[in-house]
Amino acid sequence: KDNLSDKIASLHNNIVNENYKNPEHLLEIAKLLYEAWDYYYDLDAKKYSFAILTQYMNAYILLDDAIKIDPNNSEYYFYQWRLKMDIWDSFEDSEKKLKKAVELKNDDYRYYYRLWNALMHQNKYSEAKENFLKWIALNNDYEKLHLNLWNMYFELWEKEKWYLSYETWLKICKEMCDWFYHNIGNELLNEWKYIEAKESYQKALEINPEKSEVINKLEYLKNKIK
């Protein structure tokens with residue numbers, strides 16, 4: 001796909017000739033190995049799990065070498081962390097690597113987003129929320145941010161704030177508007193506001209007519225509204 005094998009082979013030859021001494025090339029090939037993982041995953045994640053893990057471990061080792069050569073490049077820690085998180089390995093180690101990346105470069109919203117993931121999976125919701133708020137200050141137009149910030153407000157049961165998060169999301173949503181109405185419908189359903197929930201689900205269905213979760217919820221509401 002996209003000559004990915006040729007790119008990896010060519011770059012690998014360069015790396016061998018350089019005796020693994022160019023950390024930027026080590027990072028570049030690690031990124032290509034992540035692309036290979038995506039390719040295998042899209043084909044059949046279960047069938048190609050061994051190939052996926054092989055590519056990931058190769059990428060991890062190369063980035064470890066890159067860090068030894070240049071321990072002050074934030075990208076090396078960032079991409080190593082992605083490996084650990086994607087194979088659901090040590091979230092605590094991932095947190096350490098992301099904090100190191102943020103220490104080296106504190107103006108990249110991607111780092112805060114990924115660090116949020118590591119914290120969330122350790123149930124450190126307050127810290128995760130603080131990282132999201134830092135991310136908002138850097139990039140307020142990424143709608144997935146507001147969805148996940150809502151998740152933190154929900155875990156912390158800060159109900160008045162999760163509706164504010166929804167309002168902000170609705171103003172900027174482009175690709176996930178159906179999820180916005182779906183989630184709001186769930187909230188209204190939990191509060192037994194069946195008519196309002198139905199209206200919200202219908203808006204979600206107008207955007208994505210094949211959204212099975214919404215179709216099932218509307219079927220459920222038929223009996224409730226009667």
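E75 is buried, with a relative accessible area of 17%. Buried means under 20% relative accessible area, exposed means over 50%, and partly exposed lies in between (1.4 Å probe, protein chains only). This is a predicted model, in which local features need pLDDT of at least 70, side-chain atom pairs count only at pLDDT 80 or more, and totals for chains, interfaces and linings use all residues. Residues are numbered from 1 along each chain as its sequence is written, and side-chain values use heavy atoms, with hydrogens and water left out.

What does E75 pair with? R110 forms a salt bridge with E75, and the closest N and O atoms are 2.9 Å apart. The pair links distant parts of the chain: R110 sits in helix 6 and E75 in helix 4, 35 residues apart. A salt bridge here is a side-chain nitrogen of Lys or Arg within 4 Å of a carboxyl oxygen of Asp or Glu. Helices (H or I, at least four residues) and strands (E, at least two) are DSSP runs, numbered from the N terminus. R110 is partly exposed, at 26% relative accessibility. Side chains of opposite charge can pair when their charged atoms come close.

The whole structure has 13 salt bridges. Another one joins K99 and E95, at 2.8 Å from N to O. Both residues lie in helix 5 (residues 91-104), and because they are four residues apart, about one helical turn separates them. K99 is partly exposed at 37% relative accessible area, whereas E95 is buried at 6%.

K211 and D178 also meet in a salt bridge, at 3.5 Å from N to O. This pair, too, links distant parts of the chain, 33 residues apart: K211 is in the loop between helix 11 (194-207) and helix 12 (212-225), and D178 is in helix 10 (residues 177-190). Both K211 and D178 are buried. Elsewhere, salt bridges that share partners join E95, K99, K124 and E127 into one network.

Now look at N73. It lies in the loop between helix 3 (49-69) and helix 4 (74-86). N73 is buried, with a relative accessible area of 17%. Its side chain makes a polar contact with the side chain of E24, at 3.2 Å. A polar contact is a pair of N or O atoms within 3.5 Å; within protein, one must be able to donate a hydrogen and the other to accept it, and residues adjacent in sequence count only if both atoms are side-chain atoms.

Next comes the nonpolar interior. In soluble globular proteins, nonpolar side chains tend to be buried together. A nonpolar core is a set of buried Ala, Val, Leu, Ile, Met, Phe, Trp, Tyr and Cys residues joined through side-chain atoms within 4.5 Å. The largest one here has 67 residues, and I8, L63, F132, Y166, W169 and Y201 touch the most other members. Helix 2 (residues 23-44) gives the most to this core, with nine residues.

Most residues other than glycine have a negative phi. W157 has a positive phi, near 55°, and lies in the loop between helix 8 (143-155) and helix 9 (159-172). W192 also has a positive phi, of about 60°, and its place is in the loop between helix 10 and helix 11. W157 is exposed, with a relative accessible area of 56%. W192 is exposed as well, at 66%.
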